[in-house]
There are 2 protein chains.
Amino acid sequence: MEEMSKAEYLAFLNAPARCGKLATVREDGRPHVVPIWFILDGETLIFTAWHTSVKMKNILRDGRVAICVDHDQPPFHYVLLEGKAELLDASPEASRQWATIIGGRYMGTDRAEEFGKRNGIDGEWVMRMVPDRVVAYKNVTD
Amino acid sequence: MEEMSKAEYLAFLNAPARCGKLATVREDGRPHVVPIWFILDGETLIFTAWHTSVKMKNILRDGRVAICVDHDQPPFHYVLLEGKAELLDASPEASRQWATIIGGRYMGTDRAEEFGKRNGIDGEWVMRMVPDRVVAYKNVTD
């Protein structure tokens, strides 16, 4: 098991497209974790989320989040990102724009428009998360 | 997107071996999430963890956890399990026994002994988690 360098974990987060597992905390103190689609904009993670989803209610109450991105086959790699998630843009235009880019990343560029239309709707907000702490390991089972 | 039946999500959790993403809450209220290896014993998840790891410190303070297991390629499936994690057995014998079983699940039965010896050591505790709430969806992008 070895630590990834910054260049390595940014490359790992970039490609191939893997879901992040976004952990937040519920009002009663229980943890919550769900998969998200995201894209890197420099070192910032951009994702969209329905404004009344559990994860969004949690983020709007307390923006502190943790995101895990992993390769779950031997030799196993993972990145844990911790930081604060915040609203980037709640407009339907921004939602459509980012949902198209992110949809293309996960579904293939030929389906980007389709998923931009499907996910980029009024009420789906664009969020950003700037990691302030990163833990990244490669080849965990070597 | 369709809900999985109980039989479907148990089958999904069973095979192929996917890492769970275990979310816990730190003492200061921040979420934490890391990949874990686990195995189903009936409907109970069994995993091992180093007794002073961040996740274990969090669990020993507040056993409420959330675990996400997903297939992160189209058409995307995921299971979210919520419940309480607790100590099953802290003995090195139990640790070795479960680490062997779980190691075989993730690394192949030919490497079970190797990973039982590697992971099943004094201080690696055997934990169980009985889900009290399950959210399970298949074919999210269909």
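I67(A) touches G20(A), K21(A), L22(A), L45(A), L81(A) and M129(A), leaving out residues up to four places away in sequence (contact: C-beta atoms, placed from the backbone, within 7 Å). The model is predicted: local features need pLDDT of at least 70, side-chain atom pairs count only at pLDDT 80 or more, and totals for chains, interfaces and linings use all residues. Residues are numbered from 1 along each chain as its sequence is written, while chains are lettered from A and ligands numbered from 1 in the order in which they are written.

**Core**
- V33(A), I67(A), V33(B) and I67(B) touch the most other members of the largest nonpolar core, which holds 73 residues (a set of buried Ala, Val, Leu, Ile, Met, Phe, Trp, Tyr and Cys residues joined through C-beta atoms within 7 Å; buried means 20 or more other C-beta atoms within 10 Å of a residue's own, with C-beta atoms placed from the backbone).

**Helix α3 of chain B**
- The buried residues of α3(B) include W98(B), I102(B) and Y106(B).
- Among the elements covering them are β5 (44–50) and β8 (124–138) of chain B.
- Helices are DSSP runs of H or I with at least four residues, strands runs of E with at least two, numbered from the N terminus.
- Just after α3(B), G108(B) has a positive phi of about 100°.

**Helix pair in chain A**
- Helices α3 (residues 92–107) and α4 (residues 112–119) of chain A pack at about 130°, with axes 7 Å apart (axes are lines fitted to C-alpha atoms, for helices over the stretch in contact; angles run from 0 to 180 degrees between N-to-C directions).
- The residues making this contact include R96(A) and M107(A) of α3(A), and F115(A) and N119(A) of α4(A).

Technical notes
A residue is buried if 20 or more other C-beta atoms lie within 10 Å of its own, exposed if 12 or fewer, and partly exposed in between; C-beta atoms are placed from the backbone. Two residues are in contact if their C-beta atoms, placed from the backbone, lie within 7 Å.
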